[in-house]
Amino acid sequence: MKLEIYNQILTLMHTYGSRDCLKTIALQYPGVTYNTLVSIYSQDYQKKTRKNHHKHHKLEVMESYYERYLAGVTQGGSEPILLRIAEEIDLSHSLLARIVLERHLSHTCFNGENPPKGIVSQMMKDPLGQIRNKTLAIEVHQCILNDPNYGPLVDNIKRSIGYEYELILREKLQNRGIPFIGEDDMRSRGYDKTPDCKLEIPIAVDGFVVNWIESKASFGDEYNHETYLKDQFWSYWNRFGPGMVIYWFGFIDELDCNRDRGIILKDDFPADIVTLESLLENV
């Protein structure tokens, strides 16, 4: 996808302002899959959340959210309180639920001190089972179920999709008879930085040598790609030489600018692979 098209899609998402716009945008860009649009929207939402994090996490602001929640409980009614507040302040449902849970624990269990993050995270994963206050437990549970962009449920879905595409990559390598070792085997051999697949015998793609392949079940935008380059891809290159990254939901074309340096980008498993075996057959 060209950067110009990506920016047009982002502008439309910002104009519509909600996830409901994706089907409409899909009709305007028939060459872009719905999964790609979902990934772009999710990544943009994550950026927005990071940008506004400080605004919602000032102590006085968090206390005001908690007080609004308590006031809602006092007033009663059948409407979910936290969902309504989250919509009013334009914040992820799950993030608001976590903030209110933290303040609740601080006031009721930790003498005004912040509760350990690990305890809060465990409660967020199983609110109905671990939060003693049943009203708050139900409110937090509702936030998690109704948040399409953030929270433990979304994290689990992303992990599942990521694992699914790793399996697809392995299956395609096996079908082509390309020997490789996976992350678990590499870690058992003492490697600290491990791509999804390290090829036992290099292949060639588009005329470039590939020693390893990384699977990303997401869209490759500038922010995430630069982060991956810094934290992962260049580390793989330092250890194993040139490699390939597959962004299964597409990427901004202009980001594929490191081929000569040893990292190529693809949006699917390439069909034009040259193996050592095929080279030997032609000798």
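Across the protein, buried residues account for 46% of the 283 residues.

This is a predicted model, so local features need pLDDT of at least 70 and side-chain atom pairs count only at pLDDT 80 or more, while totals for chains, interfaces and linings use all residues. Numbering runs from 1 along each chain as its sequence is written, and side-chain values use heavy atoms, with hydrogens and water left out.

## Overall layout

The protein has 13 helices and six strands; these are DSSP runs numbered from the N terminus, with helices being H or I of at least four residues and strands E of at least two. Its C-alpha atoms fill a box of roughly 80 × 45 × 30 Å along the principal axes.

## Cysteines

A disulfide means a pair of cysteine sulfur atoms within 2.5 Å, and the count comes to zero. Take cysteine 109: its closest cysteine sulfur, in cysteine 143, is 19 Å away, too far for a bond.

## Helix H10

H10 covers residues 152–175, so 24 residues, and reaches 35 Å from first C-alpha to last. That is close to the 34 Å expected at 1.5 Å a residue, where the expected span is 1.5 Å times one less than the number of residues.

Buried residues in H10 include Gly162, Tyr165, Glu166, Leu169 and Leu173. An α-helix has 3.6 residues a turn, so residues three or four places apart point the same way. Just after H10, glycine 177 takes a positive phi of about 70°.

Key
Buried < 20%, exposed > 50% of the residue type's maximum accessible area, 1.4 Å probe, protein only.
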